[in-house]
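Please look at the sequence and the model first.

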Amino acid sequence: MAASLQQTPITFRCRSPPSTQIPTAPTAKLSLTSTFTTGLKIPKLTIKPRPSSNTNRSHGAAGARMADTAAGSYATALAEVAQSNGTLEQTAADLEKIEQLFSDPEVSDFFANPTVDEEKKRNVIDEIVKSSELQPHVANFLNILVDMKRTDIVNDIVKEFELVYNSLTDTEMAVVTSVVQLDSQHLAQIAKGVQRLTGSKNVRIKTVIDPSLVAGFTIRYGLSGSKLIDMSVKKQLEDIAAQLDLGDIQLAV
């Protein structure tokens, strides 16, 4: 079975220096730079939001929307750092881990709570870095969000980063939802199918578990997941109910 978002402990600590400044205004320049306790120095990047005239295949409208948001500016800066370090793929994987962690209400509420001391939040960031094997520049990025009190937009940043990543690599994102984790062979077949449908150079699969599907799976792809292939038993039961005109009768699944 192909497992997603596996976490293995490592030993790493980082801190973003007090002098790091990131404007949150969406039209402002954005800079990510830091020197870690490990001695690794991230190259200084000063970038502007992407212009709305993005002509890349199917990502133009999304790129224009992204440029108008603070989350888009953060995501673009992080992508630039990852490109300069040659770690774009790993950074995308790191952000998937972060998205899952911050989707937990207890985690998001903890970081959003203004009564929690920042040092405590930094300590939790350290634990996240260790357990999730995050890269140094991603760890620093999380500390910057704590500094700037912008952890509330972490999941928005993840979504915007996906748009940047897809645009830079001509990648189609496909979300495969199933009752149990599908094995790597099945996921590879799904990726090839989505590639044929979209003509993308690359296809990236994100897996989601949903027991309510009963069996089978669904595939969402396209701009903002606008296209759906539903191969679930739940959908088949709903279609049968519709054909039999069962009205308001709810199927127990």
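From which domains does the lining of the largest pocket draw at least three residues each? Both domain 1 (69-169) and domain 2 (170-245) do so, with bounds from an automatic or database domain assignment. The model is predicted, so local features need pLDDT of at least 70 and side-chain atom pairs pLDDT 80 or more, while totals for chains, interfaces and linings use all residues. Residues are numbered from 1 along each chain as its sequence is written, and side-chain values use heavy atoms, without hydrogens and water.

**The pocket**

The largest pocket holds about 530 Å³ of space. A pocket is an open set of points on a 1 Å grid over the protein atoms alone where a 1.4 Å probe fits, with protein on both sides within 12 Å along at least five of seven lines; lining residues have an atom within 4 Å of a point. Of its 20 lining residues, K159, E162, M173, S224 and G225 lie nearest the centre. Helix 7 (154-169) gives the most, six residues; strand 3 (171-178), strand 4 (202-209) and strand 5 (217-221) each supply at least two.

**Helix packing**

Helices here are DSSP runs (H or I, at least four residues), and strands are runs of E of at least two.

| Pair | Axis angle | Axis distance |
|---|---|---|
| Helix 2 (70-85) and helix 7 | roughly 50° | within 8 Å |
| Helix 2 and helix 6 (136-147) | about 160° | 11 Å |

Angles run from 0 to 180 degrees between N-to-C directions. Helix 2 and helix 6 are therefore roughly antiparallel (over 145 degrees).

Note on methods: Grid points are joined across faces, edges and corners, and a volume is the space filled by probe spheres set on the points. Angles under 35 degrees count as roughly parallel, over 145 as roughly antiparallel, 65 to 115 as roughly perpendicular and the rest as oblique.
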